[in-house]
Amino acid sequence: MADPVWPSSLPQFPIDSGYSEEPEDNVLRSPTDIGPGKSRRRYTAVTVKTGYSVVMDGAQVTTFTTWWTDTLFDGAIPFQHTHPRAGTAVRFRPVAPFKLEHYSGADYLVTLFLKVVP
């Protein structure tokens, strides 16, 4: 079964502030009896934790929460979306529930906690 896709009716890019990326540690380090320790790469493909926020109006929040609940089963399955920095299609896996905050006027700030997975 193909991964769901981020809805086209929702904002496609995050707000400028608050975007972050953190590659997982992909180095296995081993101590040695004498001399410096050894290290090697663990995997050829590494996941990257990412977090970002998008501004949505009330109707978009309704679309998003319905998509999150019904399509992603409350964030249990991955989805396809454009990477905010690279601009390429990637596979995101939610790692925590989203955060919803009042932003300004009738707008809301939706913060996502994801991993880019191979």
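Read from one end of the sequence to the other, the protein chain runs β-β-β-β-α-β-β-β-β. That is one helix and eight strands, where helices (H or I, at least four residues) and strands (E, at least two) are DSSP runs numbered from the N terminus. What you have open is a predicted model, in which local features need pLDDT of at least 70 and side-chain atom pairs count only at pLDDT 80 or more, while totals for chains, interfaces and linings use all residues. Residues are numbered from 1 along each chain as its sequence is written, and side-chain values use heavy atoms, with hydrogens and water left out.

**First stop: the whole chain**

Along the principal axes, the C-alpha atoms of the protein chain fill a box of roughly 65 × 35 × 25 Å. The radius of gyration of the protein chain is 18 Å, whereas a compact globule of 118 residues would have a value near 13 Å; the radius is taken over C-alpha atoms, and the globule rule is 2.2 Å times the number of residues to the power 0.38.

Of the 118 residues in the protein chain, 31% are buried. Here buried means under 20% relative accessible area, exposed means over 50%, and partly exposed lies in between (1.4 Å probe, protein chains only).

Among contacts between residues at least 6 apart in sequence, 61% join residues at least 24 apart.

**Second stop: charges and salt bridges**

Colour the chain by charge. There are 11 positive and 12 negative side chains, and the centres of the two sets lie 14 Å apart. Lys and Arg count as positive and Asp and Glu as negative, with His and the chain ends not counted; each charge is placed at NZ of Lys, CZ of Arg, CG of Asp or CD of Glu.

How many salt bridges are there? The count comes to four, a salt bridge being a side-chain nitrogen of Lys or Arg within 4 Å of a carboxyl oxygen of Asp or Glu.

Select E21 and R85, a salt bridge whose closest N and O atoms are 2.6 Å apart. This pair links distant parts of the chain: E21 sits in strand β1 (residues 20-23) and R85 in the loop between β5 and β6, 64 residues apart. E21 is partly exposed, at 30% relative accessible area, whereas R85 is exposed, at 58%.

Move on to E24 and K115, where the closest N and O atoms of the salt bridge are 3.1 Å apart. E24 lies in the loop between β1 and β2 (27-30) and K115 in strand β8 (residues 107-117), so this pair ties together parts 91 residues apart in sequence. E24 is partly exposed at 25% relative accessibility, and K115 is partly exposed at 23%.

Then pick D25 and R29, another salt bridge, with closest N and O atoms 3.1 Å apart. Both D25 and R29 are exposed.

N26 is buried, with a relative accessible area of 13%. Setting aside neighbours within four places in sequence, N26 is in contact with R40, R41, R42, Y43 and V46.

Go to P23 in strand β1. P23 is exposed, at 56% relative accessible area.

Now find H83, in the loop between β5 (79-82) and β6 (89-94). H83 counts as buried, at 6% relative accessibility. Beyond residues up to four places away in sequence, H83 touches Y19, E21, T88, V90, F92 and V116; E21 is the residue whose salt-bridge partner is R85.

**Last stop: two backbone angles**

Most residues other than glycine have a negative phi. Select F73, in the loop between α1 (58-71) and β5, where phi is positive, near 50 degrees. D74 is placed in the loop between α1 and β5, and has a positive phi of about 60 degrees although it is not a glycine. D74 is exposed, with a relative accessible area of 54%.

Terms used:
Contact means heavy atoms within 4.5 Å.
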